[in-house]
Amino acid sequence: ALRRGTALDLTTSRGSVEVRGLESDARIIATSGSIDVSDALDVELRATSGSIRVEGRAGVLEADSGSIDLDLTGAVEAHATSGSIHGRFGGGGELGCSSGSLDLELIGPLDRDLTLTASSGSITLVVPSDLAARVEARADSGSVDVSVGAVQNDGEDFVGELGEGGTFVIRATADSGSVHIVERGR
């Protein structure tokens, strides 16, 4: 048990880690086991052999062999080597999978660029209907579907604007899979 608001720095070589009601920052490394954190502020989580599940403000997440399930109100940097990334976040950031898919929802406006990559898998991004952003989407072996507001695209690549264009760019690249960018509710 920790007192609420206490920053956590934890490393374990065996076993899973579950932390509830943290209300502070956390750095957790698990070499063999999953990580499950809720009510955190900024987190840095790395699971070598296991999945990551996190609810918090913002995070840097890395799963070498496992999936990532996230619910963050702010920006995120996440990479899964062998697993998928699912969830919702705000702000922007970088998310990528070497072997797996991205199934994500952007819950607010961008406050930085957003880069999504899937080497072997598809990308689905649900965005707010009033999102303003530039988009560069490419699928080397698949299709690109963008359906947001008046923008309708179904082809190989898409370069264009959503809403008023905005300052920030969404870059989505699927090497072996499709890219879908759709507005919430569609």
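Predicted model: local features only at pLDDT ≥ 70, side-chain atom pairs only at ≥ 80, totals over all residues.
Residues are numbered from 1 along each chain as its sequence is written, and side-chain values rest on heavy atoms, with hydrogens and water left out.

**Overall fold**

The secondary structure of the protein chain consists of 16 strands and zero helices, where strands (E, at least two residues) and helices (H or I, at least four) are DSSP runs numbered from the N terminus. The radius of gyration is 17 Å, close to the 16 Å given by the globule rule for 186 residues, and the chain is therefore as compact as a globular protein of that length; the radius is taken over C-alpha atoms, and the rule is 2.2 Å times the number of residues to the power 0.38. Along its principal axes, the C-alpha trace spans about 50 × 30 × 25 Å.

Of the 186 residues, 48% are buried, a term that stands for under 20% relative accessible area, with exposed meaning over 50% and partly exposed the range in between (1.4 Å probe, protein chains only). Among contacts (heavy atoms within 4.5 Å) between residues at least 6 apart in sequence, 27% join residues at least 24 apart.

**The nonpolar core**

In soluble globular proteins, nonpolar side chains tend to be buried together. Here the largest nonpolar core has 53 residues, of which L70, I85, L95 and I181 touch the most other members; such a core is a set of buried Ala, Val, Leu, Ile, Met, Phe, Trp, Tyr and Cys residues joined through side-chain atoms within 4.5 Å. Strand β9 (residues 102-118) gives the most to this core, with seven residues. Beyond its neighbours within four places in sequence, L95 is in contact with a set of residues that includes L70, I85, F89, L102, L104, L114 and L116.

**Salt bridges**

The whole structure holds 16 salt bridges, each defined by a side-chain nitrogen of Lys or Arg within 4 Å of a carboxyl oxygen of Asp or Glu. Three of them are listed below.

| Pair | Closest N to O distance |
|---|---|
| E55 and R53 | 2.6 Å |
| R138 and D140 | 2.7 Å |

D64 is found in the loop between β5 (52-63) and β6 (68-72) and is buried, with a relative accessible area of 18%. Not counting residues up to four places away in sequence, D64 touches R46, A47, T48, T81 and S82.

T12 has its place in strand β1 (residues 8-12) and is buried, with a relative accessible area of 18%. The side chain of T12 reaches the backbone oxygen of R14 at 3.0 Å. Leaving aside neighbours within four places in sequence, T12 is in contact with V17, I29, A30 and T31.

Notes:
Polar contact = N/O pair within 3.5 Å; in protein donor to acceptor, adjacent residues only side chain to side chain.
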